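This report describes one protein chain, part by part. Please keep the sequence and the structure in view while reading.

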Amino acid sequence: MRSTSLALLTLALTACAPSGDDPASRLTFHAPETGEYRLGYLEPPWELVSASGTSALLRIPSNLMLATGLDAGEGKYDLSVTVEPGAAEARIEQELRMAAARGEEVSAGPRVVSLAGGVVGREILTQRSDPIARSFRIVVAPVSGGRVLRLAFGATPSLDTAEIDAMIAQVEIGPTP
């Protein structure tokens with residue numbers, strides 16, 4: 001599974017890298033000072049919108065944002081990263097209940113997901129159609145101290161893609177250097 005994840009990351013990054021470049025060399029990394037995780041992303045198209053403590057918000061701007069230069073709400077892709085209390089299995093069950101309460105339909109999961117270093121987490125994929133179609137992918141993985149790393153993707157296109165799989169597969173759980 002790990003070799004498949006690395007192959008997907010390489011494939012996803014190669015599509016964006018100039019010829020002859022090592023795709024991994026193009027990653028920008030974000031890690032909180034406390035070192036619970038290390039997240040790599042391609043900048044561009046991803047941009048770090050904000051970071052505070054163990055939380056971060058990354059985005060690929062929507063066409064409206066790009067055309068107007070304004071923060072017009074949700075991006076084409078958004079990723080909210082947080083460290084929260086709980087165990088992965090219990091948190092994914094909570095995520096299922098919250099998705100149902102928001103009127104989202106579960107399209108996949110809960111299912112196992114692998115992060116860097118052999119860390120195993122859980123994920124669900126959901127979607128809503130009102131007020132506009134939007135897909136969601138929530139990943140939770142254990143970190144130290146009875147907490148989880150929560151990756152909450154939101155996008156107008158599907159999030160069940162090789163590129164998002166590769167982004168998740170390279171997330172390192174701390175302590176990170």
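## The second largest pocket

In this predicted model, strand β9 gives the most residues to the lining of the second largest pocket, namely four. The volume of this pocket is about 200 Å³. Its lining comprises 14 residues, and those closest to the centre are Ser80, Phe136, Ala152, Phe153 and Gly154. The elements that supply two or more lining residues are β5 (77-85), β8 (134-143) and β9 (147-155).

What is the make-up of the lining by class? Six of the residues are nonpolar, six are charged and two are polar.

## Arginine 91

Is arginine 91 buried or exposed? Its relative accessible area is 9%, and because a residue counts as buried under 20%, arginine 91 is classed as buried. The residue belongs to helix α3, which covers residues 88-101.

Which residues does arginine 91 touch, apart from its neighbours within four places in sequence? Its contacts are Glu84, Pro85, Gly86, Val140, Val148 and Arg150.

## Strand β2 and its partners

Strand β2 covers residues 37-42, and five of its six residues are buried, so the strand is largely enclosed by the rest of the structure. Strand β1 (residues 27-30) runs antiparallel to β2, and four bridges join the two. Within this pairing, histidine 30 has leucine 39 of β2 as its bridge partner. The two strands form a hairpin, with six residues between β1 and β2. Glycine 35, in the turn, has a positive phi of about 75 degrees.

Strand β2 also pairs with strand β10 (residues 172-173), again in the antiparallel sense, over two bridges. Here the bridge partner of tyrosine 37 is isoleucine 173 in β10.

## The chain as a whole

The secondary structure consists of four helices and 10 strands. Along the sequence, these elements follow the pattern α-β-β-β-β-α-β-α-β-β-β-β-α-β.

Of the 177 residues in the chain, 44% are buried. Among the contacts with a separation of 6 or more, 45% are between residues 24 or more positions apart.

Note on methods. Residues are numbered from 1 along each chain as its sequence is written. This is a predicted model: local features need pLDDT of at least 70, side-chain atom pairs count only at pLDDT 80 or more; totals for chains, interfaces and linings use all residues. Side-chain values use heavy atoms; hydrogens and water are left out. On a 1 Å grid over the protein atoms alone, a cavity is a set of points where a 1.4 Å probe fits but cannot get out, and a pocket is an open set with protein on both sides within 12 Å along at least five of seven lines; lining residues have an atom within 4 Å of a point. Grid points are joined across faces, edges and corners, and a volume is the space filled by probe spheres set on the points. Ala, Val, Leu, Ile, Met, Phe, Trp, Tyr, Cys and Pro count as nonpolar, Asp, Glu, Lys and Arg as charged, and the others, Gly among them, as polar. Buried means under 20% relative accessible area, exposed over 50%, partly exposed in between (1.4 Å probe, protein chains only). Contact means heavy atoms within 4.5 Å. Two strands pair if DSSP finds at least two bridges between them.
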